[in-house]
Structures are given as structure tokens and as C-alpha cells.
Amino acid sequence: MEFISSLFGEHISEERLFVLVRVIVILAVGLPLLIILRRYLSSYITRHYSQHYGMLSGKLFFYIGVTILLVTLLHEFGFSLTPLLGAAGILGIAIGFASQTTVSNVISGFFLVAEKSFVVGDVVNVGGNVGLVYSIDTLSVKIRMFDNRFLRVPNETMIKSEFINITKFPIRRVDCNISVAYKEDLQRVREILFDVAEKLPYSLQEPPPLLIFDKFGSSSIDLLFVAWARKENFLLLRNGLNMGIKERFDKEGIEIPFPHVSLYTGSATKPLPLDLISSDRTVLSTNAGGEESGGKPENPAN
Amino acid sequence: MELTNWPIVTLKDGEMQSHRVGPLTIFLKRLLNEVWVDSYRDDKVRGKPAPLPEKPNWMRMSLPGDFERYWIRPVMPDKPVIIDTEHSYRFVGGTKTRVYSRVPVWVRVTPEGRDDLVVADIPTVELSETWFGSFTEGELSYAVSSTARRILTEDLLEPHLVVCPLEIHNKDSEELKFEKVCLRVERLSIFAKGEAMWSDETVIRYEGKDSETDMESKGVRPVEAGDATLVGKPRTAVRKSIGLKAFRLLKDFHIPGF
């Protein structure tokens, strides 16, 4: 106890002790207050406006608050702000040269926020990586990819490169590439496709579905069928359409052609031998030895 | 006249009751302060309620008290309805016309006297969704195909369909092509008389494609409804008159998004 009082007596004057107490009080009250107010402001704006604005306003409030706290503390310690600001200007130039990338990211961040090409919660495709925008920070955009990996894209990269905002607009188009055999009646195919889309609850009536004749393919007629859904229902519609079309085509006997491959053992050989065997292993027909047989084969495995 | 379609149901503890409104049968079961709800749709419009499905998909709701009596009431769909006329319909400048469209109602179950405790809100018919607006902005709506009849006959009055009288004024000098109209049904009340249901009258004033269309919900039963009783309040508060984009801008979807 004597040691502490002697320490205070020798090194810390009463005035300095008072300053120290004030600083501790400012920090102890200021920081928690700042954090609580930031949370409140962020959640209030998220509730009334959007998650994007909530996050931005929270951060802005926090940074301004921290700056004010810092200035107050410096003032308490007796630093005058005028020479500090002058020094900061000179230091700023030096730091600016040394940290061009960082500064570029910070400035790009402002442009990203102002441009509003995407907001927190949007789904974006950046260089083939698709994910949900998790946060737009001072230096980078954080993205949660759908396989739950974390992607960090520097703000400068986002400004410089192309990206696709998948959920910018409220409705999305689902494209189904369909091939049907040449023998099929295209009018019937068209009726089936529109019927499948109409029966799906998440397929919007407006804008209406559309069938586009794509091309005469090498072994099929290629069509493009498009329908629209709310962006939230995009995957439901895509699955529903593709599965529904396959099911209806099977039911209605519409052939979906697929590539057929003929195998030869060589240019001069005969076709490969083929036996047709029924479920009770009776040989129905054969071209293996040229003879037909009604009996059971000795070794059906052959 | 008794409103048999919209009764007050008494549910004893552990007891199940069913009730049909058009193609929808609603099943209600009470267990202490919990209400269990399930529903089933079939092709019938009238008759006995459908039997409980073999594997019911109960939805349980816990209430802040033991309520024995429950209101079954009609309510308008929760989104605007786009009425699509089956045939092209044109109004020359200065025309005033009254047409009737029918919209399938939703069934709402609440404890008696507690409108704030919605136990169930189920559509009698599952309507297709549609988009009203442009590719970049608009609102999700339900699609209803209508013949936009000028004369209403008894056979059109069905237990699950509410008749919406629309009075359309084309105040513009140019022709109005009525293909689709967006009806803000969530602002309409429902009146019932016997099996028939009516919404309050909607007056739509079209003042040209560059002006917003003025849509007014009268908030009173239409003359055709006679002494019908108010059975369903609007989902959202009624504003006397609202300037809205009621007619679809035909140019919006001419190029289908390519």
C-alpha cells in the first residue's frame, strides 16, 4: 500500500490521476454505449428499411463514434488537435503512397455503396463464384458461397471486374433446352409444355411462358422453353419444369432423342453378335451363329 | 337469411369438426388451448365436408387461452388480383360501364370476438401467381380469368366466389383496351346473403395512359346485394380513393425478356 502511494506520489501527480480516471470513465462508458447504440440503430434501420442500410448505418455510426472518442481522449491527455491534423496531412501523403491498394479499396467501397449495384443479401456471381453478399466492408465484399465457403473480394476488384447480380430484379426467367425427335408433332409438344408450366404453382402467368424453335439438330429438333418465376422460386420452377416435362413426355410417348453409338470391332468385321433372351432365359433370337434356338442356353453368362 | 357457410363452430376439448366452403373442407380440432387445423380440396362445390385425409397434415396453433367458439369467415385474397378478360374488351372514350368479376375467397378462422388471433387463413382455390408491372419492378398478384359479365344471373353465385362489381369510367378521349385490371382486393369488404357473397363496389377512373388510374372502394354494400350482412372486413385499412396503376401497361411484356 505504501509502495502504491509512493508510486503515485513520485510519478503520477494528483492532476494526472484525475485525467486517468476521466479517461477510464470515458472508455468504460463510451465504448459500451457506442456498441449498444450501434446495435440498436442497425437493427432499427434493418427493420424499417433493409439489412444493407442497417449494416452501413451501424458501421458509419461506430466509426464516427470511435473517432470522437479518440479525439476526446487525446484532448484529455493534453494533445492539441491542430498540429496533429497538420502532421496527419503529411503522414497521410506518406501512408497514401505506401498503401495505394488499401486506399483504392476504401474509395472503391464508397463507390460500390453509392452505385448500389448490389446490396447485402443479394446473390452475385463474381468470376464464376456464386454466393450471397454477406457484408460490404471498408476493404472488401464478403460473400457466403452456397457450399458454405467464404469468399472475400477486394472492393477494387468488384469495381474493376464484371459481376452478375442474380437477384437484383424481382422475377427471373427459367430456360429449358428441350430436344424432341423429328417424328413428333410440334403443336402437341407445345401444348404439353404450356400445360406443364400452367400447372406449376410458382410459374407466373405474366410474363407468359414462351416456346422458341432453336434449330434442326443432327438427331433432334432443339427447342427452348422459357417460363418466369419470382426470384425466390427460381430453383423450384427449374426443377418442377424439367421433371414435369420428362414425366409428361414419358406419359404422352414423346421421344427425347439421345445420341446412339454403333460399335464395330473393325472396318471389315461383321456386326457384333447379339442374342435376345427372355426373362426365363429362353433364347428368342440370335445372330451369333446364324441359328435360331428355342432352348435354354448352356451358359447364359456367355 | 341464415349464413350457413359462415357459422360459429363450437369445439369441445378433443373434438374435431369439419366445414365445407366450395371446394375447400377445413378440419378443426381443439386440444386444451391448442387448435389443430387441416384442409382438403376436391372437385365439389356444395355438399357434405370431405372426409379427413388418411394422413392429415395438421397445423397446430397454441392460443393464449381456452377458446371454445370459433368464427369461420370469408376474407379476400392476400395479394391483388389481376382480372384477365377472356375476350378483348374495348371502351371508347367517355364510356362508363359496370361489369362483374368473381374472385375465390379465403377462409379465416378466429376465436369468437378475437379478430387478432388468426388460427387459419386458407384459400378456397389455389390461384396461379402472376406479375403486375415491368421486368424491373412490380408486384406479385393472383391471376383470375373473368368473362367480365354485364348481367349477373343466379347460377353464377357460388359459395366460395365473391362477386366484385366494377364500375369503369374511361375519362380519356382515347380508347381503353381492357385486357387486364389489377383489383386491390385486400382493401375490399365482403357481404353475404344466403350463399351469395358480394364485395363493395370498386370504381375505376381511367384518365389516360400517362396518368395514374384512380381507384375508389365505396366501402358499402353494392345495390345488387340488397340487405346482405357484412361478414369479412378488408385485410388492410381502406383508403377512400387511391391513385394506382390499375391497368396493365401493355407495352411492358411485348418483348418477353430477350
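User: Before we start, how is the radius of gyration taken here, and what is the globule rule?

Analyst: The radius of gyration is taken over C-alpha atoms. The globule rule that goes with it is 2.2 Å times the number of residues to the power 0.38.

User: Great. This is a predicted model, so what radius of gyration does chain B have against the rule?

Analyst: Chain B has 258 residues, and for that number a compact globule would come out near 18 Å. The value for chain B agrees with that. As for extents, the C-alpha trace spans about 65 × 45 × 35 Å along its principal axes. The radius of gyration of chain B is 20 Å.

User: What share of chain B counts as buried?

Analyst: Being buried takes 20 or more other C-beta atoms within 10 Å of a residue's own. Applied to the 258 residues of chain B, that gives 36%.

User: In the open sheet of four strands in chain B, which strands sit at the edges?

Analyst: The order is β1-β6-β9-β10, with antiparallel pairing. Neighbours in this sheet are turned by 25° against each other on average, direction ignored. An edge strand pairs on one side only, and in chain B that goes for β1 (8–10) and β10 (120–123).

User: Zooming in on β1(B), which residue of β6(B) stands opposite V9(B)?

Analyst: β1(B) pairs with β6 (residues 69–75) of chain B over three bridges, in the antiparallel sense.

User: Now over to chain A: are α2(A) and α3(A) roughly parallel or antiparallel?

Analyst: Helix α2 (residues 14–48) and helix α3 (residues 51–76) of chain A have axes that come within 8 Å and cross at roughly 170°. Angles over 145 degrees count as roughly antiparallel. By class, their contact holds 14 nonpolar, 10 polar and three charged residues. The relation of α2(A) to α3(A) is therefore roughly antiparallel.

User: Last one: where the two chains touch, how do the residues on the chain B side divide by class?

Analyst: The contact takes 14 residues from chain B and 13 residues from chain A. On the chain B side, β11 (129–133) and β12 (138–146) each supply at least two residues. By class, the chain B side divides into six nonpolar, five polar and three charged.

Terms used: Residues numbered from 1 in each chain as written. Chains lettered and ligands numbered in written order. Predicted model: local features only at pLDDT ≥ 70, side-chain atom pairs only at ≥ 80, totals over all residues. Pairing = 2+ DSSP bridges. Axes fitted to C-alpha atoms, helices over the stretch in contact; angles between N-to-C directions. Contact = placed C-beta atoms within 7 Å. Nonpolar A, V, L, I, M, F, W, Y, C, P; charged D, E, K, R; others polar. Parallel < 35°, antiparallel > 145°, perpendicular 65-115°, else oblique. Buried ≥ 20, exposed ≤ 12 C-beta atoms within 10 Å, placed from the backbone.
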